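Here is a short briefing on one protein model. Look through the structure first, then read the points below.

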Amino acid sequence: MSKLDHRDVELIESAKEIIQARYREGWHHVGAAVRTKSGKIYAAVNLEAYIGRVAVCAEAIALGKAISEGEDEFDTIVAVLSDGQGDARLVSPCGICRELISDYGKEVHVLLPDDTKPARKIGIMELLPQKYQRE
Ligand code: THU
């Protein structure tokens with residue numbers, strides 16, 4: 001487990017800010033923020049869809065936003081779930097996001113919910129033991 005620092009707290013704030021700004025009941029309720037190794041933050045919301053399986057996670061969109069802006073080295077990612085009342089809590093990334101995050105950096109840190117502090121910070125590979133490998 002790695003130590004949280006003020007930049008991680010700022011990353012959580014960015015995820016909360018974007019879902020507070022873009023929350024729409026039934027459509028956008030998760031915010032994610034990724035920090036690049038160079039220190040830039042990209043934030044995004046999930047895309048819910050009429051056909052549930054079409055939905056796209058906020059983490060994927062945050063990564064895509066960063067990559068589209070020319071970034072390809074990631075340090076830390078976090079996702080938060082809005083309560084629809086202006087507050088949001090950290091959530092653990094889903095299995096698909098774990099795969100995706102690890103594809104874009106085996107060393108990426110993930111901020112997870114914790115009972116005693118603002119977040120727990122662990123490496124993505126700890127969340128995806130025995131990841132599928134083709135060769
Ligand atoms: N969702 C995310 O944005 N990130 C996750 O890690 C898990 C789930 C979104 C996808 C979908 O729109 C909705 O939450 C399902 O609850």
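Ala, Val, Leu, Ile, Met, Phe, Trp, Tyr, Cys and Pro count as nonpolar, Asp, Glu, Lys and Arg as charged, and the others, Gly among them, as polar. By that scheme, the lining of the largest pocket has eight nonpolar, three polar and two charged residues. This is a predicted model: local features need pLDDT of at least 70, side-chain atom pairs count only at pLDDT 80 or more, and totals for chains, interfaces and linings use all residues. Residues are numbered from 1 along each chain as its sequence is written, and side-chain values use heavy atoms, leaving out hydrogens and water.

**Salt bridges**
- The whole structure holds seven salt bridges (a side-chain nitrogen of Lys or Arg within 4 Å of a carboxyl oxygen of Asp or Glu).
- Asp8, Arg35, Asp75 and Lys121 are linked in a network of them.
- Arg35 pairs with Asp8, with the closest N and O atoms 3.1 Å apart.
- Arg35 lies in strand β1 (residues 30-36) and Asp8 in helix α1 (residues 6-22), so this pair ties together parts 27 residues apart in sequence. Helices (H or I, at least four residues) and strands (E, at least two) are DSSP runs, numbered from the N terminus.
- Lys121 also forms a salt bridge with Asp8, at 2.9 Å between the closest N and O atoms.
- Arg35 forms another with Asp75, at 2.7 Å between the closest N and O atoms.

**Burial**
- Buried means under 20% relative accessible area, exposed over 50%, partly exposed in between (1.4 Å probe, protein chains only).
- Arg35 is buried at 2%, and Asp8 at 0%.
- Asp75 is buried at 18%.
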